[in-house]
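Dear colleague,

Please find below the structure that I am handing over to you.

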Amino acid sequence: MLVLQKHILLLSFRPRAATTLLSFRPRAATTLLSFRPRASTTLLSFPHRCLFSNTRFATTAAATAVATSASPAPFAVEEYLVASCHLTPKQAVKASKVLSHLKSPARPEAVRAFLSDLGLSHADVAAVVVYDPLFLCSEVDKTLTQRLAELRDLGLSPSQIARLVLVDPARFRRPTIISKLKYYVPLFGSFETLLQALKNNSYLLSSDLENVVKPNVALLRECGLGDCDIVKLCVPVPRLLTTNPERVKAMVERAEDVGVPRGSAMFRHALLAVAFLSEEKIAAKVEFLRKTFKWSEAEVAIAVAKLPVVLRNSQDRLLRMSEFLMYEVGLEPEYIAHRPAMLTYSLEARLRPRYYVVMFLKENGLLKRERSFYTAAQVSEKVFVEKFIHPHKKAAPCLAEDYAATLKGKVPTRFRLQEPRTSSKSI
């Protein structure tokens with residue numbers, strides 16, 4: 001190109017310019033001749049440079065357009081969550097906020113394949129993603145497969161591992177789950193029992209074993225509770241083991257305050273009754289029991305010591321029980337205080353239907369010996385039918401039918417009593 005430009009430069013010099021150049025001194029002419037071609041080259045080559053630049057720009061733009069059309073579209077996280085993970089659009093919007101960094105479906109697809117191999121259904125996978133969207137970002141080879149092998153070494157089956165994933169996907173991804181399971185499975189007696197507790201309180205997998213869980217277990221053992229008793233407490237009160245140890249100590253003290261000493265058979269029930277209740281609430285419940293059943297201080301203490309869980313009954317339930325037992329059945333307050341188990345039975349499905357049967361038999365002289373209402377109330381359904389229904393098929397052929405009707409909330413004509421009874425301890 002430079003050679004061509006030099007030829008053009010020489011041909012474009014005008015004669016006048018050439019004469020002028022020859023009239024200068026050799027040194028000056030040499031300087032000008034060496035300078036002018038450079039300037040002329042710059043000026044005269046400008047159209048060609050523009051042409052070259054335009055061509056290069058057009059080529060670059062075309063290449064960019066081709067590259068753009070060839071590159072794949074951005075990974076649509078929300079669409080993927082709905083189409084592949086079966087989330088609802090609303091769930092997908094929420095989950096996508098923590099998955100916006102994903103650029104391709106490669107890793108989520110590998111995770112979905114892992115979950116599918118575990119036996120999780122589409123609904124299960126959706127549940128995992130909703131609970132822990134970042135589970136889709138797990139490294140299958142380095143994290144999930146390794147965790148699977150460790151859990152199998154603990155003796156868990158694939159189906160058990162799958163259920164563990166569903167309980168707490170986030171904890172499943174962490175290596176600390178292995179040490180937690182090594183401690184909990186022997187304590188709870190089996191993985192199935194532990195799993196039931198985890199469903200109520202997955203914090204068991206995230207709580208500090210050394211500073212929270214183990215000190216609480218040690219305290220409960222000091223109270224005379226065996227591992228079986230501790231497990232029975234943790235199913236209805238799952239937070240007991242994961243609560244601050246100082247709070248658990250306070251619960252133990254409150255259980256003793258209601259009249260149940262450590263080491264007694266009822267201490268577990270007392271701890272269950274007062275767990276997470278303040279002293280003020282416990283005192284209010286005791287006072288309500290005293291007024292509702294017309295108990296003395298000694299009688300309410302007897303009732304609570306015999307059956308601490310009575311403190312868990314609602315006020316509405318206690319009111320209905322007192323009206324039935326005291327004013328319909330006619331039991332004395334003292335009699336009820338020494339038999340508080342009656343307060344735990346169902347009024348509609350147990351106490352009232354059995355009361356009707358007992359009164360019918362008594363009024364028709366069909367009971368060969370005196371039996372108290374409490375005797376009829378405390379036995380199982382099978383024993384009640386064998387003792388109070390079957391022996392009277394001939395004398396009262398409709399008794400079984402009438403009893404079945406009372407269980408459905410109806411009161412047959414034969415069971416309609418004349419007047420409510422009062423103060424009858426023998427009933």
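Predicted model: local features only at pLDDT ≥ 70, side-chain atom pairs only at ≥ 80, totals over all residues.

Residues are numbered from 1 along each chain as its sequence is written, and side-chain values use heavy atoms, with hydrogens and water left out.

**Overall make-up**

The protein chain has 25 helices and zero strands. Helices (H or I, at least four residues) and strands (E, at least two) are DSSP runs, numbered from the N terminus. Of the 427 residues in the protein chain, 40% are buried; buried means under 20% relative accessible area, exposed over 50% and partly exposed in between, with a 1.4 Å probe and protein chains only. Contact means heavy atoms within 4.5 Å. Among contacts in the protein chain with a separation of 6 or more, 70% are between residues 24 or more positions apart.

**The nonpolar core**

A nonpolar core is a set of buried Ala, Val, Leu, Ile, Met, Phe, Trp, Tyr and Cys residues joined through side-chain atoms within 4.5 Å. The largest such core holds 119 residues, and the members that touch the most others are Leu 81, Phe 188, Leu 271 and Phe 373. Helix H22 (residues 347–363) gives the most to this core, with nine residues. Not counting residues up to four places away in sequence, Leu 271 touches Leu 220, Leu 225, Leu 233, Leu 240, Met 251, Val 252 and Ala 255.

**Aromatic rings**

Rings of Phe, Tyr and Trp (its six-membered ring) pair if their centres lie within 6.5 Å; planes under 30 degrees apart count as stacked, over 60 as edge-to-face and the rest as tilted. The whole structure contains 11 aromatic pairs. One of them joins Tyr 183 and Tyr 184, which are edge-to-face because their planes stand at 65°, with the ring centres 5.7 Å apart. Tyr 184 is buried, at 0% relative accessibility. Ring pairs also link Phe 324, Tyr 355, Tyr 356 and Phe 373 into a cluster.

A charge sits over a ring if NZ of Lys or CZ of Arg is within 6 Å of the ring centre and within 35 degrees of the ring normal. Arg 350 lies over the face of Tyr 345, at 4.1 Å from the ring centre. The charged end of Arg 239 is placed over the ring of Phe 276, 4.0 Å from its centre. Phe 276 belongs to the loop between helix H17 (267–274) and helix H18 (279–292). Its phi is near 65°, a positive value in a residue other than glycine, and Phe 276 is partly exposed, with a relative accessible area of 22%.

**Charged residues**

A salt bridge is a side-chain nitrogen of Lys or Arg within 4 Å of a carboxyl oxygen of Asp or Glu. The structure holds 18 salt bridges. In the one between Glu 210 and Lys 214, the closest N and O atoms are 2.8 Å apart. Both residues lie in helix H14 (residues 209–222), four residues apart, about one turn of the helix. Glu 210 is exposed, at 51% relative accessible area, whereas Lys 214 is partly exposed, at 30%.

Arg 352 forms a salt bridge with Glu 328, the closest N and O atoms being 2.9 Å apart. This pair links distant parts of the chain, with Arg 352 in helix H22 and Glu 328 in helix H20 (residues 315–328), 24 residues apart. Arg 352 is partly exposed at 24% relative accessibility, and Glu 328 is partly exposed at 23%. Salt bridges that share partners also join Glu 287, Arg 290, Lys 291 and Glu 297 into one network.

Which residue is buried yet has no salt bridge? This is Glu 299, whose nearest side chain of opposite charge, Arg 290, is 8.8 Å away; here Lys and Arg count as positive and Asp and Glu as negative, while His and the chain ends are not counted. Glu 299 lies in helix H19 (residues 297–306). Leaving aside neighbours within four places in sequence, Glu 299 is in contact with Lys 294, Glu 334 and Ala 337. Lys 294 is in the loop between H18 and H19 and is exposed, with a relative accessible area of 52%.

Yours sincerely
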